[in-house]
Amino acid sequence: MTLQPLAPSPQQDGEYTTLNLGPTHPATHGIFQNVLTLDGEKIIDAEQTIGYIHRAFEKIAERRPYYQITPLTDRLNYCSSPINNIGWHMTVEKLLGVTTSKRIDYLRIILMELARITDHLVCNSVIGVDSGALTGFIYVFQEREKVYEIYEEVSGARLTTNMGRIGGFERDISMKAITKIREFLDHLPKVLKEFEKLLMRNRIFMDRTIGVGQISGERALNYGFTGPNLRAAGVDYDVRVMNPYSSYNDFEFTIPVGTQGDVYDRFCVRQEEIWQSLKLIRNAMENLPAGDFHVKVPQFYLPPKEEVYSKMEALIWHFKIVMGEIEIPVGEVYHSVEGGNGELGFYLVSDGGRTPYRLHFRRPGFIYYQAYPEMIRGGVLSDAILTMSSMNVIAGELDA
């Protein structure tokens, strides 16, 4: 399918208004600018301007050893950074030919699905705020805080987590973290039901979201949509099912699909995905295998800290791994995971040097943001804000 250019908007009598929506407008939830052409409240045309948060992370990654790239991935979609971290580690493992154990896979699923929940809680509660309902936003953020406490217990960090390591995890999951996860699993369903009562069948919310920001499945595919935004348009595609990784094929879960591709469908798809993530976490916890929390890749796995402080060999290996003074296979790989907003891919080219020869991040937000002008054209200004919120455009993904 080829992307066909849209016909120019018909001219109307009278003067148009040019409005800068952003780059620092509080309704944009990020540093975006959209130059809108308005006929009163009606949007005649729109043009995005990106680059306000440009950090050149692809070029920085090509100057850093493999071990030092993980913190860069945190800054892509910072609402679900563990997915970014683990996706990058699996890409390097694919280059190295490393196969992880079931315990590592299940632990990764638990943490990635927790990240998916926090990502969707942020998106859906913000949709509520932009339709005039603040209560749900404050209510579910208490649950997001509980997930951050789990992150802190596992990795020591909360938002930009630097979660895990190539070949597994820095340390095994603690009993305190397991207890916190179980408490979260017990408590979140009640909160979700309350949140859905507030919004899902609320007449004001439905009137503000149904039919707003629509896009068809065909147009979404033409633009390269993936994730909840594509599934809301009626296309059943999920990387976890189409190209299973990290033992996702061990579990049964449902992929929710919408029909209209509007704000309401995007809200409902994400809401159902939270329920499915809870199911996945619960099953992974119940069937968590015994074993080690990392595979034997001494060239990439940092030695224990107590040995680094007391043994010269461990100190040398610690230095070599962090500074990239180790052998890397020559090769070219692509690996993708189902991020909070769609297919998050890593295209890695290695020439055997201490840093990647080329590393490209496939950021789902950058790809589907292209469709924003088409989705808001013909609507009104207040609907444009809701549409952006429901797409969940993350500024950190827009520039490479």
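Biologist: What share of the 400 residues of the chain counts as buried?

Modeller: Keep in mind that this is a predicted model. Buried here means under 20% relative accessible area. By that cut-off, the buried share of the chain's 400 residues is 55%.

Biologist: And how does the radius of gyration sit against the globule rule?

Modeller: The chain's secondary structure amounts to 16 helices and six strands. For 400 residues the globule rule gives 21 Å, and the chain comes close to that, so it is as compact as a globular protein of that length, with a radius of gyration of 22 Å.

Biologist: Now the rings: is the pair F32 and Y369 stacked, edge-to-face or tilted?

Modeller: The whole structure holds 16 aromatic pairs. For F32 and Y369, the ring centres lie 5.7 Å apart and the planes meet at 45°. Planes under 30 degrees apart would be stacked and over 60 edge-to-face, so this pair is tilted.

Biologist: How many residues apart are F32 and Y369?

Modeller: F32 sits in the loop between β1 (17-21) and β2 (33-39), while Y369 sits in the loop between α14 (364-368) and α15 (372-376).

Conventions:
Residues numbered from 1 in each chain as written. Predicted model: local features only at pLDDT ≥ 70, side-chain atom pairs only at ≥ 80, totals over all residues. Heavy atoms only, no water. Helix = DSSP H or I, 4+ residues; strand = E, 2+ residues; numbered from the N terminus. Rg over C-alpha atoms; globule rule 2.2 N^0.38 Å. Buried < 20%, exposed > 50% of the residue type's maximum accessible area, 1.4 Å probe, protein only. Phe/Tyr/Trp six-rings, centres within 6.5 Å; stacked < 30°, edge-to-face > 60°.
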